[in-house]
Amino acid sequence: MARVWGEKGRRDASENNYALKGLCQDCDPGPLIRLCSEGDLAQVHKKVAPALIRNGWDALLAAGMGSALLAVLTPQYGELLEKKGEGAALCDFHLLLSQVYGQMGRWEEAAGEQNRAMECYSGLSSREREDENLRWALCRNGYDIRLALGQTEGLEPLLCQLLADAPDPWRRVEAQLLLGLYHKMGGEKEKAEEHLTWAAERGNKLYAKTRAEAALRELRGEGPSGEDLAREAQRRRREVSDPLHPQAALDICMEALGREELREAPMWRTMLILEGGTDLVNLGRYGEALELLEQMDLEQIAAPDRAKIRLQGLCLSLVARMELGELERAVELQNEAVKLLDGEFTRRGHWVWSLRRTGCELKLRLGQPEGVEGEALELLETAMDELDRLGGHMLLGRYYLAVGERGKALPHLEYVLEHGGEHHFRRDAEELKRKR
């Protein structure tokens, strides 16, 4: 592999395979999700990137984050495949979309997409049908839909065969969950508890584990756990999440954080605090963001996740301190974040980009514009989404005003005014344009 792809290709393939093993063998979709979200996919070897992206989609579904996939799946995958008309790829696309709709509780739409996937599958060549993973996933999703719609007749032997054919621990957990749900619907409490307990004990960080635990609590007449509440809040938040219009997402976050049960799930509570803090910063409510972020208790977070969460909290806090004019404290937080980044993370991804942009902002606020223009232009060129682009334009607008080039600043401020939505960048751009 090293001869064909070079050292970089070999390394990227190794990272993808290691993360995929985490999902399939350890029932942990986290490494794949982090690899896709934190890594700049433009820098991943061109032969590895498609597999990494596709594996990342499976990881999102396995983690119960299907709605986060919806925004990218249709435009990036669906339209291209509709044009190319590739049977196996179209089958995969409709299957993915069906699973997304299922996780969102839109079961009739899920059934429609499953039917489209099966139509594509029936048209595949015999060689293409030999893909055991595709066939297994089609069966699992179809049985899940049947359970949701109450169509249980003749399902038990199919679910037993699904379990027998499961290729790895991840898929075995999924099959055990469905068997447990089937017996629960049939009133067979002991059988249901056996299968659901198996899935709950071995599911690690899978959404199937959460579903199994919720079904067990319902079977025993217990209420939802803090993790159940947090997962539901995150799912609802993702359905309305828009960094340029964050108020609706913030309302969902704060509602969940007000529930006492959430204290039983410190990791999930911390994630909601970070998400709520992000929304508050985006809205320009910096004091409230700092108060919320101070509620994080990192000592209750497992060590592998602690550094990443600390970095995110530092990035949000330093933006808030900078915008409140507490520049000395902001510089301290910036230095702390950069030190943590150097020690724990690769120099790729959204938080790295954000930290670079904030560093440039700090230099401007401190009256040190040297070198900012080149950095800002590079940041704008490497922006990963619309929020990044707004940040890049805002930074360039500030820079050109700082060096007295108002004519160059105006187009960047106008871009922010046009596209900024509810984000504090838009308010900042309006104030800068009015003052100068």
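Q: What makes helix H20 roughly parallel to H22 in this predicted model?
A: In this predicted model, the axes of helix H20 (residues 386–402) and H22 cross at roughly 20 degrees and come within 11 Å. Angles under 35 degrees count as roughly parallel, and therefore H20 is roughly parallel to H22.

Q: Why are both an angle and a distance given for such a pair?
A: Two packed helices are described by the angle between their axes and by the distance between the axes.

Q: What is the handedness of the crossing of H20 and H22?
A: The crossing of H20 and H22 is left-handed.

Q: Which residues in H20 meet which residues in H22?
A: On the H20 side, the residues are Leu 387, Leu 390, Gly 391, Met 394, Arg 398 and Leu 401. They meet Phe 425, Asp 428, Ala 429 and Leu 432 in H22.

Q: Where is His 423 found?
A: His 423 lies in the loop between helix H21 (406–419) and helix H22 (424–435).

Q: Why is His 423 called buried?
A: The relative accessibility of His 423 is 2%. Buried means under 20%, so His 423 counts as buried.

Q: Which residues does His 423 touch, not counting residues up to four places away in sequence?
A: His 423 touches Pro 243, Leu 244, Asn 282 and Leu 387. Leu 387 also belongs to the H20 residues that meet H22. His 423 and Leu 387 are 36 residues apart in sequence, and their C-alpha atoms are 9.0 Å apart in space.

Q: What makes the pairing of the His 423 and Asn 282 side chains a polar contact?
A: The side chains of His 423 and Asn 282 are joined at 3.1 Å.

Q: Why does Arg 140 count as buried?
A: Arg 140, in helix H7 (residues 132–148), has 9% relative accessibility. The cut-off for buried is under 20%, so Arg 140 counts as buried.

Q: Which residues does Arg 140 touch, not counting residues up to four places away in sequence?
A: Arg 140 touches Gln 99, Leu 162, Glu 174 and Leu 178.

Q: How many helices and strands does the chain have, and what percentage of its residues is buried?
A: The secondary structure comes to 22 helices and 0 strands. Of the 436 residues in the chain, 50% are buried.

Notes:
Residues numbered from 1 in each chain as written. Predicted model: local features only at pLDDT ≥ 70, side-chain atom pairs only at ≥ 80, totals over all residues. Heavy atoms only, no water. Helix = DSSP H or I, 4+ residues; strand = E, 2+ residues; numbered from the N terminus. Buried < 20%, exposed > 50% of the residue type's maximum accessible area, 1.4 Å probe, protein only. Contact = heavy atoms within 4.5 Å. Polar contact = N/O pair within 3.5 Å; in protein donor to acceptor, adjacent residues only side chain to side chain. Axes fitted to C-alpha atoms, helices over the stretch in contact; angles between N-to-C directions. Parallel < 35°, antiparallel > 145°, perpendicular 65-115°, else oblique. Left-handed = near helix turned anticlockwise from the far one by under 90°.
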